[in-house]
Amino acid sequence: MRAIRSGSHFSDFTASVLILGAMFFAGPATFFFLTQFFQIVHGKSALEAGLLILPNAGTIVLASVVTPPLATAIGPRRTVMIAMSIMTENDGLIWPHFGGVATGPN
């Protein structure tokens, strides 16, 4: 119990676990949603939908190679902050391409 009450180390750990947990939940959900979206809304085939999300999968592979040395160099807190910033920016770049889905066809 002493480790739970002792200072910022536990809170940093807790925050990183919560953030990474959210990322692990959101990743597969995003892949599922995007493939369905491309097929149902845009009329793409299953192969085309898979090819459209291939850059996202490649980015995950690249990040898994780059992240361990980066975390060692600058620390896990900054690494997670950078990762969340990149994910947020990516969402901001991809959302306009869904045009009309949230507001309807008009």
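The legends below accompany an overview and close-up views of a predicted model.

**View 1. Overall fold of the predicted protein.** The protein contains five helices and zero strands. Along the sequence, these elements follow the pattern α-α-α-α-α. Of the 106 residues in the protein, 9% are buried. The accessible surface amounts to about 8300 Å², and carbon and sulfur atoms contribute 72% of it. Among contacts with a separation of 6 or more, 39% join residues 24 or more positions apart.

**View 2. Helix 4 and its bend at T67.** Helix 4 runs over residues 54-74. The helix has 21 residues, and the distance from its first C-alpha to its last is 29 Å, close to the 30 Å expected at 1.5 Å a residue. At T67 helix 4 bends by about 35 degrees. Just after helix 4 comes G75, with a positive phi of about 100 degrees.

View 3. T79 belongs to helix 5, which covers residues 76-94. Its relative accessible area is 9%, so T79 counts as buried, the limit being under 20%. Apart from neighbours within four places in sequence, T79 is in contact with T67, L70, A71 and I74.

**View 4. Nonpolar surface patch around L62.** V61, L62, V65 and V66 make up a nonpolar patch on the surface. Together these four residues have about 380 Å² of accessible area. L62 is located in helix 4. With a relative accessible area of 55%, L62 is exposed, because the limit for that class is over 50%. An α-helix has 3.6 residues a turn, so residues three or four places apart point the same way.

View 5. Q36 is part of helix 2, which spans residues 7-40. The relative accessibility of Q36 is 31%, which places this residue in the partly exposed class. That class lies between the limits of under 20% for buried and over 50% for exposed. A46 is 10 residues away from Q36 along the chain, and the C-alpha atoms of Q36 and A46 are separated by 8.8 Å.

Conventions
Residues are numbered from 1 along each chain as its sequence is written. This is a predicted model: local features need pLDDT of at least 70, side-chain atom pairs count only at pLDDT 80 or more; totals for chains, interfaces and linings use all residues. Side-chain values use heavy atoms; hydrogens and water are left out. Helices (H or I, at least four residues) and strands (E, at least two) are DSSP runs, numbered from the N terminus. Buried means under 20% relative accessible area, exposed over 50%, partly exposed in between (1.4 Å probe, protein chains only). Contact means heavy atoms within 4.5 Å. Accessible areas come from the Shrake-Rupley method with a 1.4 Å probe; for residues, only the protein chains shown count as cover. Patches are made of residues with over 30% relative accessible area and no salt bridge: like charges are joined within 9 Å, nonpolar side chains (Val, Leu, Ile, Met, Phe, Trp, Tyr) within 5 Å. A salt bridge is a side-chain nitrogen of Lys or Arg within 4 Å of a carboxyl oxygen of Asp or Glu. The expected span of a helix is 1.5 Å times one less than its number of residues. The bend at a residue is the angle between axes fitted to the seven residues ending there and the seven starting there.
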